[in-house]
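Dear colleague,

Please find the structure below, handed over for your records. The findings follow directly after it.

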Amino acid sequence: MGPLSARLLMQRGRPKSDRLGKIRSLDLSGLKLLSEHLDPKLLSRLTQLQELDLSNNQLETLPANLGLSHLRILRCANNQLGDVTALCQFPQLEELSLEGNPFLTVSDNLKVSFLLPKLRKVNGKDASSTSSQVESLNRELTSRVTAHWEKFMATRSPEEEAEKAQADFVKSAVRNVRYGPESLSEFTQWRVQMISEALVASGGTQVHETGIPERPSKATAAQEPRARPMALKRSGDVSLSLSPSKRGCPSPPAHVEGSPMGSDGSQPALDLEPLHFLQCHSKNNSPRDLETQLWACAFEPAWEEGQAGATSQTVATCGGEAVCVIDCQTGIVLHKYKAPGEEFFSVAWTALTVVTQAGHKKRWSVLAAAGLRGLVRLLHVRAGFCCGVIRAHKKAIATLCFSPTHETHLFTASYDKRIILWDVGVPNHDYEFQASQLLTLDAASIPLRLCPVASCPEAYLLAGCEGGCCCWDVRLDQPQKRRVCEVEFVFSEGSEAPGRRVDGLAFVNEDVVDEGIVLCGDEEGNVWVYDVRHILTQQPPLPAAPQAPTQILKWPQPWALGQMVTKTMVNTVVANPTFTYLTALTDSNIVAIWKRP
């Protein structure tokens, strides 16, 4: 497709007219348009245009001066857009579609909400919750920039040139003012620069909430955010039925049991502050849903250079028909993916490098999710859509994990008593995956947990199963593509643990945090904390006697759960490697997040 012409616009415009100035709706979808094909001089003649469809093209940017000041509906789905700031030229926009633009992130969603004060729907969904989130972030950022201004100017001498000092302040604010999760850093730094520049222009006298576009009064009244970020009402997230007097109050300290310091020199009890108790997996977003079971969670690794082994404060949780991606600090549900009829049992992260049609390299965080239907869904988290489905097993998938050494290699374990190694590949220019099967591993019982052997992850895979613990050779240079268990671990007959089921498995040099802490949940809603450092230093054989927990972390009931839940089972509990955040999931649809101060 070449440059647009007036004749084409009149052919595809409605109502039919021989004058561009009378067209109110224009469909330019599916024409393989590039950004340079959008001629501002031509399009600005559409003075009455209210609806424009640019979906299914190859647009990387929108020209900044299209002159469509009356535009109310804009569809840009399935393009290559990487920036949304040009949308500010459409101040009357009420509906916007940006689905299928894989390089747009959650920060771009917030920018859209900030730039378009009259926006009611984004991708067919109500935009009010994002608007509330943006307003809350703006308040906090404005407060922090103002505080930074006062501190910065106090260190400057009166003789220093004012213009240079102001320019230095903007740079300092962008570099030092931080708030919110790392996934929102692009948005927060963008806003910090805008707020700083406005503050400088006013001579440091402007009021708070600077630069926030005025929104319709009705929407503002309906969306007034609560006092703390943790209490924000979020899209697809149902807050618990707390009493009004407690909803905005600081969390009480967690109730812990255990000695301050063990006689064997173990560390003192951990100081953990409960931050959030969420019902973000509820059926139909109902606060009365206390039956949806939550099964697995995983912290997103930090993929940046020089941060090997680090994690972000972003955690993925699964249960029921939903997968949620949550920022632990704010409690905000950044993304929510639903698959009606599915029940998700497991999630796992990887990062892939993809090349765009323009030849640019992009780093994707990809989340694999699987469960009852035997399908693996590959979710492009930042763009917020599913970009691949693998029909992995005929029965439910119990668990999955990515190889720590091959970013495209994925293990899936099913109730069909098989473990399959897949190469999910790298998505093509249409952002589609073409997965291939590499190995099939037969198990004697249902595999429940997978763990590549830490010292040689390319060679061996360990699995906790209904009938015990087994190990397979997974080296790809071996000819057999279907293999049986090579090693079965036999537990001591004197063990007090009933049965042979192993549904939790980890290598201490990889999955246990630096402090030497092991965590597990129980059927009473407690989290048991064990300090195992002294055990790791002992020479085998290790003593068979059970070890007492360092402490037991009890939920602050009934504050956290009201009177709705009298008993809850903790299905899984995970901390990030630095033990900054701890996330526990229950069989009563509760996601609990603690933070260590």
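Which handedness does the crossing of H4 and H5 have? The crossing of H4 and H5 is right-handed, where a crossing is left-handed if the near helix is turned anticlockwise from the far one by less than a right angle, and right-handed if clockwise.

Before the remaining findings, a note on the basis of the values. This is a predicted model, in which local features need pLDDT of at least 70 and side-chain atom pairs count only at pLDDT 80 or more, while totals for chains, interfaces and linings use all residues. Residues are numbered from 1 along each chain as its sequence is written, and side-chain values use heavy atoms, with hydrogens and water left out.

Overall composition

The secondary structure of the protein chain comes to nine helices and 33 strands; helices (H or I, at least four residues) and strands (E, at least two) are DSSP runs, numbered from the N terminus. Of the 597 residues of the protein chain, 50% count as buried. Buried means under 20% relative accessible area, exposed over 50%, and partly exposed in between (1.4 Å probe, protein chains only). Among contacts in the protein chain with a separation of 6 or more, 54% come from residues 24 or more positions apart; contact means heavy atoms within 4.5 Å.

Helix packing

Two packed helices are described by the angle between their axes and the distance between the axes. Here axes are lines fitted to C-alpha atoms, for helices over the stretch in contact, and angles run from 0 to 180 degrees between N-to-C directions. Angles under 35 degrees count as roughly parallel, over 145 as roughly antiparallel, 65 to 115 as roughly perpendicular and the rest as oblique.

The axes of helix H3 (residues 106-115) and H4 come within 9 Å and cross at roughly 90°, so H3 is roughly perpendicular to H4. On the H3 side, Asn109, Leu110, Ser113 and Phe114 make the contact, and on the H4 side Thr130, Ser131, Gln133, Val134, Leu137 and Asn138. By class, the contact of H3 with H4 has four nonpolar, six polar and no charged residues. In this classification Ala, Val, Leu, Ile, Met, Phe, Trp, Tyr, Cys and Pro count as nonpolar, Asp, Glu, Lys and Arg as charged, and the others, Gly among them, as polar.

Helix H4 (residues 128-154) and helix H5 (residues 162-176) have axes that come within 10 Å and cross at roughly 130°; H4 and H5 are therefore oblique to each other. Val145, His148, Trp149 and Phe152 in H4 meet Ala165, Asp168, Phe169, Ser172, Ala173 and Asn176 in H5. The residues of this contact of H4 with H5 divide into six nonpolar, three polar and one charged.

For H5 and helix H6 (residues 185-201), the axes come within 9 Å and cross at roughly 155°, and H5 and H6 are therefore roughly antiparallel to each other. H5 passes H6 in a right-handed crossing. Gln166, Phe169, Val170, Ala173 and Val174 of H5 make the contact with Gln189, Val192, Gln193, Ser196, Glu197, Leu199 and Val200 of H6. The contact of H5 with H6 has seven nonpolar, four polar and one charged residues.

Cysteines

A disulfide is a covalent bond between the sulfur atoms of two cysteines. With a disulfide taken as a pair of cysteine sulfur atoms within 2.5 Å, the count comes to zero disulfides. Cys485 is in no disulfide, and the nearest cysteine sulfur, that of Cys470, is 3.6 Å away. Cys485 counts as partly exposed, at 27% relative accessibility. Cys88 also counts as partly exposed, at 46% relative accessibility.

Backbone features

A cis peptide bond joins Arg14 and Pro15, with omega about -5°. Pro15 is placed in the loop between strand S1 (13-14) and strand S2 (25-27).

Lys417 is not a glycine, yet has a positive phi of about 65°. Lys417 lies in the loop between strand S20 (409-414) and strand S21 (418-423) and is partly exposed, with a relative accessible area of 38%. Phi of Asn589 is near 65°, likewise a positive value in a residue other than glycine. The loop between strand S32 (581-586) and strand S33 (591-595) holds Asn589, which is buried, with a relative accessible area of 0%.

With kind regards
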